[in-house]
Amino acid sequence: MTAEAPIETPSAGRPVRYTTVAVVLHWLIAAAIVFQIILGWRMGDEPKGPATYAIFQLHKSIGITILLLSLARLAWRLFHRPPPHPVTQARWETIASKIVHAGFYVIMIGLPLTGWIIVSASRLTIPTVLYGAIPWPHLPFLPELAAGPKHLWHEIGENAHGLLVKLTYGLLALHLGAVAKHQILDRDAVLGHMAPGAKPGWLEPRAWLAAAGLVAVVFAGYAYRPALKAKAPAAPADIADAQAGTPSAEPAAPAEAATAAPTPITPPAETVAPAAPETALKDPVAWAVAKGSTLNFTASWAGDAIEGQFKRWTADILFSPEALDRSKLTVSIDMGSAATGDDQRDSSLPSGDFFDTAAHPKATFTASKFRKTGEGKFVADGTLDLRGVKKPVSLPFTLKIDGDTATARGVTTLDRTAFGVGQGEWASTDQIGGKVKVNFAITAKRK
């Protein structure tokens with residue numbers, strides 16, 4: 001790509017090629033830039049969904065890596081002289097070469113910086129975790145800006161990023177063309193500066209190895225398929241505005257503190273009638289929900305099932321199958337505890353586009369009307385208050401009581417759009433489905 005630090009020859013005191021450090025940095029950054037270009041194309045062309053979102057996250061990670069490597073490369077260059085240009089090279093070519101080299105430093109540092117601005121000033125503040133393991137901060141002050149200035153910075157970053165991408169195409173074409181000219185037409189030692197031992201001419205194996213490496217990186221960029229977690233993430237994003245989010249279902253069932261993994265629960269085909277004596281339950285009984293009870297949700301995103309859970313929720317249960325008219329249920333859910341297996345995506349759920357936890361930290365389901373629909377089968381008719389919107393919800397569930405222990409399972413489907421979960425472009429159901437399935441499985445002890 002660019003001229004780099006040479007080794008000084010003891011006899012003449014002049015550099016004949018770049019140092020090993022410079023050579024390694026050159027090829028690493030070159031491969032990363034080409035790979036980034038392919039990922040960028042894919043992010044714009046492929047439909048939104050978990051796979052495209054994972055590509056976006058990798059794009060961010062590689063971008064920060066390029067920034068760090070480029071800063072190291074620039075520091076190395078400042079203390080090590082580059083090899084001289086060929087003595088037969090025209091003056092205009094020397095000037096053009098210096099301009100191209102400077103341009104590469106602009107894109108190697110400018111592209112990651114503008115991408116960093118885009119992410120830091122996005123409407124949805126999504127944390128950056130390099131390669132899913134190393135937390136990386138946002139640029140100072142940008143996430144805390146008011147909506148107007150923040151949007152302005154986002155637009156500046158986005159426009160600058162787009163211009164630098166176009167500049168990258170031009171620089172790559174000039175650079176590769178110049179290398180081919182030096183190697184084939186001029187037959188000088190320029191390639192040997194960055195590929196030690198290379199000789200001029202068509203048959204130089206190092207030149208063909210570099211060309212094969214370019215093709216391999218392009219192929220790898222298109223062949224890469226992210227390994228998605230079994231519990232798929234719930235928040236899409238793209239390079240334009242680092243958007244992220246998912247339709248998370250709203251709760252509608254008794255529970256206390258969900259700790260198990262988000263596994264969908266299917267109500268049993270057969271239900272068992274209460275085993276406790278009828279006289280023991282003729283009055284409503286207070287129940288305490290045990291650990292291991294779960295409150296989960298399943299949504300669809302670009303045709304893929306997205307599963308998640310609420311980690312923190314409590315329930316006040318006063319219930320008896322023999323006293324349905326006096327039974328009551330109140331469930332309170334911490335909407336900031338929604339988890340789908342990816343911290344970066346989950347961080348968007350509390351935003352104003354989805355749960356808006358700043359204004360509505362809790363969702364509440366209350367029911368005081370219960371119906372028996374079969375042996376061990378019931379329906380709780382109540383009201384769900386989510387994001388400040390109250391809607392009637394009916395929750396079918398099965399129940400088995402064995403002495404002082406009760407187990408219940410239930411599932412219902414909610415329309416997220418009815419509660420305003422998904423604002424702006426996320427109000428549409430073309431990418432994130434409107435229907436969200438909510439299910440629970442609880443074990444409770446008689447108080």
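**Ground rules.** I number residues from 1 along each chain as its sequence is written, and side-chain values use heavy atoms, with hydrogens and water left out. Since the model is predicted, local features need pLDDT of at least 70 and side-chain atom pairs count only at pLDDT 80 or more, while totals for chains, interfaces and linings use all residues.

**S61.** I looked up S61 and found it in helix α2, residues 50-78 (helices are DSSP runs of H or I, at least four residues, and strands are runs of E, at least two, numbered from the N terminus). S61 is buried at 2% relative accessible area (buried is under 20%, exposed over 50%, partly exposed in between, with a 1.4 Å probe and protein chains only). Leaving out neighbours within four places in sequence, S61 has contacts with V129, L130 and Y131 (contact is heavy atoms within 4.5 Å).

**V379.** Next I checked V379, which sits in strand β12, residues 377-386. V379 counts as buried too, at 8% relative accessibility. Not counting residues up to four places away in sequence, V379 touches K369, F370, R371, T373, S394, L395, P396 and F397.

**Cores.** Then I went for the largest nonpolar core, which has 74 residues (a set of buried Ala, Val, Leu, Ile, Met, Phe, Trp, Tyr and Cys joined through side-chain atoms within 4.5 Å). F310 and F319 have the most contacts inside it. Helix α1, residues 20-45, gives the most to this core, with 8 residues. Another core of 8 residues lies apart from it, including I64, L67, I117 and L142.
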